[in-house]
Amino acid sequence: MANRKKRAQRGRTPSSLSELLSQSGSDVTNGDDLPDEMKMSAKLLDIMDPWIGEMDLVLLADCASIAWNACVDSVDDYSSHDYLSGTRDDRSGHRDLIEQLKRRKNELHPNDLRTIIRIQVVKQEDGGMRLNVASEMKPQNMMKAFRNLMSTLPPDEDDGE
């Protein structure tokens, strides 16, 4: 009976990113307990805010994640593999929007150097939408973030003793 239950669970499609992570055995934290200022979904929604309700949320989230990663990796060229929602729609007609989103990312979250690796827009039972975001910190960006943090600290004071 237990084997049948495991087989049924393996064949089922995960309904959320946190469920997907738990099924994969990943030790990555899902972030539910984090304050909003640390959640990637909250930060991505910050940069998307002026356009929410004006366009398709999956399209907007794709463009925002492309803009975010372009800022982190300092790139100006986007290709079809950059679309992280799993859609294969062409986003090349949205270059102006991506550029505006890049400016917002740099204004609102210039020191956050995490790379977005997956996004998911989930329709909730109450009709609302939720944005799930998975991110990682590349080793080279860890060093940049550390240097940025160190530059904000006051200099050591030698008290002359």
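**Core and helix packing**

Author: The largest nonpolar core holds 22 residues, and Leu44, Met48, Leu60, Trp68, Leu101, Ile116 and Val133 have the most contacts inside it. Such a core is a set of buried Ala, Val, Leu, Ile, Met, Phe, Trp, Tyr and Cys residues joined through side-chain atoms within 4.5 Å, buried being under 20% relative accessible area with a 1.4 Å probe, protein chains only. It's a predicted model: local features need pLDDT of at least 70, side-chain atom pairs count only at pLDDT 80 or more, and totals for chains, interfaces and linings use all residues. Numbering runs from 1 along each chain as its sequence is written, and side-chain values use heavy atoms, without hydrogens and water.

Reader: Which element gives the largest share of this core?

Author: α4, with 10 residues.

Reader: And what does Leu44 touch?

Author: Not counting residues up to four places away in sequence, Leu44 touches Ala61, Ala64, Ser65, Trp68, Ile116, Ile119, Leu131 and Val133, where contact means heavy atoms within 4.5 Å.

Reader: OK, helices. At what angle do α4 and α5 pack?

Author: About 55°, with the axes of α4 (residues 57–73) and α5 (residues 95–108) 8 Å apart. The crossing of the two is right-handed.

Reader: Switching topic: where's Leu113, and is it buried or exposed?

Author: Leu113 sits in the loop between α5 and β1, and it's buried, at 9% relative accessible area.

Reader: What is Leu113 in contact with?

Author: Leaving aside neighbours within four places in sequence, Leu113 contacts Val72, Met137, Asn141, Lys144, Ala145 and Asn148.

Key: Axes are lines fitted to C-alpha atoms, for helices over the stretch in contact, and angles run from 0 to 180 degrees between N-to-C directions. Helices (H or I, at least four residues) and strands (E, at least two) are DSSP runs, numbered from the N terminus. A crossing is left-handed if the near helix is turned anticlockwise from the far one by less than a right angle, and right-handed if clockwise. Buried means under 20% relative accessible area, exposed over 50%, partly exposed in between (1.4 Å probe, protein chains only).
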